[in-house]
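Have the structure open while you read.

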Amino acid sequence: MQKHLWYDATQIYIGGVWKSPAGGQQLPLQNPSNGQEIGSIARGTAPDIDEAVTAAQTALDGEWGRMSALERGRILTRIGQLVGTRLDDLAMIEAMDVGKPLTQAKNDAIALARYMEFYGGAADKIMGETIPYLDGYTVYTLREPHGVTGHIVPWNYPMQIIGRSVGAALAMGNACVLKPAEEACLTALAFVALAEEAGLPPGALNVVPGSGEEAGAALTAHPGVNHISFTGSVGVGKLVQKAAAENVVPVTLELGGKSPQIVFDDADLDAALPFLVGACIQNAGQTCSASSRILIQRGVYDELVARMGVSFDGMISAPAQMDANLGPLISARQKEIVTGYTESGNDLRIAGQGRVHDDAPDDGHYVAATLFADVPPDHKLAQEEIFGPIQVAIPFDTEEEAIAIANGTDFGLVASIWTKDGARQMRLAKSIRTGQVFINNYGAGGGVELPFGGTGKSGHGREKGFEALYGFSTLKTVAANHG
Ligand code: NDP
């Protein structure tokens, strides 16, 4: 596999230097499409994290810390351009590493380039304010970087999540330490190699692969880290927040969801159908904003469930290189979790179910996409984040009932409303407790400009868009008494 790469995937990257991890150990790398070992990545541990934090601080004290916002932005833009020249390579690497169908993997690479372009352009456009105050005073605010930012990224969308968190943090002038998921390190390393080529100064971005328990925990507990951005499970999110509390540093948590789409009787079903199904099966359901609950008003319930069922019946799970509707899940463990959920629906009606391609290797981590119908809103399948291609259809009668069901989980990440009634659109957009609401669409194409984050157990803080730049900076008020 190494021959496909333009960097040494067995190393870590600290202070502009590629090196072996302090402990000298490696972790095996598996291709989820066939279960085969395809190489190894460095097993970074606490001493590597310590060195990376020191390197980041050194960068802040040196060239990177002194660099103008304009020049930072130019470097980010150059990184984006370089990413743009390697889209197919990045897609191939990601497909091999995490089992993403090639088209999805390429879309992730395109998004990474776009994040760099967006944050490159935004770097010199974040401004403070002047504040009218007492006679004899001039008061203004400065937006300043936190300092060293820690980034813990999961395996489901490595390129997109690196783009949105590291891109915004660098634009604001922070120096980053990135701990990718051990199951998905390759594109993180590919990215930093391109950043180096684009002229990012040493120490501005350091990448330390390793396990969550070792490298991840060391990063979140490190007293030299001034802000932590975490995307992953609720359980680990709580650990990260506790560790951040010990050092009294801010933390952004993006912890997934149980996102509903609500379809009313007057909705354009033809327009809705691809979004209803597609937003669940994308990335084999391993998406924080996957739409795993479809709430359907009684008048169109039977028709829509039947049509969705037909779509599910046609869904094929196959190796990433075959670029089918779904790839494999990330790991045997994830397959076990998702299979357990499917079995928990044995008492429910299956309205549609895809299949695993005949040529899919037995040792790949495949599951069939499944649509369960008539699911009680309090059923485990309608309440818990599954992170697999399982969707539930829930009937409702009134608008009030739809709102109650939509808000009736611990999560609050994304929701969509399908109706032609403008007043109803506005009422629901206000009543639903999520970080994003879409009207007659789902995801709006995932635009990098759109602030993203959750409420409740979906987490707190916002990434993406300009809003992320506020999150990755701190505000200083300057009050001058000049008489
Ligand atoms: P985790 O929350 O364990 O992993 C997310 C990231 O956190 C990874 O980089 C992981 O490293 C790291 N990590 C793990 N333990 C620690 C720790 N103690 N301190 C600091 N960092 C740590 O998710 P899983 O991979 O275990 O997935 C389990 C479930 O989480 C999924 O089924 C899904 O429901 C949810 N999830 C949600 C995501 C989202 O986008 N909201 C993304 C991924 C998972 P490493 O992997 O190297 O151990």
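A word on classes before anything else: Ala, Val, Leu, Ile, Met, Phe, Trp, Tyr, Cys and Pro count as nonpolar, Asp, Glu, Lys and Arg as charged, and the others, Gly among them, as polar. Keep in mind, too, that this is a predicted model.

With those classes in hand, take the second largest cavity. Its lining comes out as 5 nonpolar, 4 polar and 3 charged residues. The residues around this space are Lys258, Ser259, Pro260, Arg293, Ala406, Thr409, Phe411, Gly412, Leu413, Val414, Arg433 and Thr434.

Lining the largest cavity are Gly257, Cys280, Gly285, Thr287, Cys288, Ala290, Ser292, Glu385, Ile386, Phe387, Gly388 and Ile390.

Then there's the largest pocket, with a lining of 41 residues. Head for its centre and the nearest of them are Trp155, Gly232, Ser233, Val236 and Arg333.

| Space | Volume | Lining by class |
|---|---|---|
| Largest pocket | About 1,100 Å³ | 20 nonpolar, 11 polar, 10 charged residues |
| Largest cavity | About 80 Å³ | 6 nonpolar, 5 polar, 1 charged residues |
| Second largest cavity | About 40 Å³ | 5 nonpolar, 4 polar, 3 charged residues |

Now for the helices. How do the axes of helix H3 and helix H7 cross? Helix H3 covers residues 69-85 and helix H7 residues 186-197, and their axes come within 9 Å, crossing at roughly 125°. That angle makes H3 oblique to H7, because angles over 145 degrees count as roughly antiparallel, 65 to 115 as roughly perpendicular, under 35 as roughly parallel and the rest as oblique. As for hand, the crossing of H3 and H7 is right-handed.

Zoom in on the side of H3 and you'll find Ile79, Leu82 and Val83, which meet Phe191, Leu194, Ala195 and Glu197 in H7. Sorted by class, this contact has 6 nonpolar, no polar and 1 charged residues.

Terms used. Residues numbered from 1 in each chain as written. Predicted model: local features only at pLDDT ≥ 70, side-chain atom pairs only at ≥ 80, totals over all residues. Heavy atoms only, no water. Axes fitted to C-alpha atoms, helices over the stretch in contact; angles between N-to-C directions. Helix = DSSP H or I, 4+ residues; strand = E, 2+ residues; numbered from the N terminus. Left-handed = near helix turned anticlockwise from the far one by under 90°. Contact = heavy atoms within 4.5 Å. 1 Å grid on protein atoms, 1.4 Å probe; cavity = no way out; pocket = protein on both sides within 12 Å on 5 of 7 lines; lining within 4 Å. Points joined across faces, edges and corners; volume = space filled by probe spheres on them.
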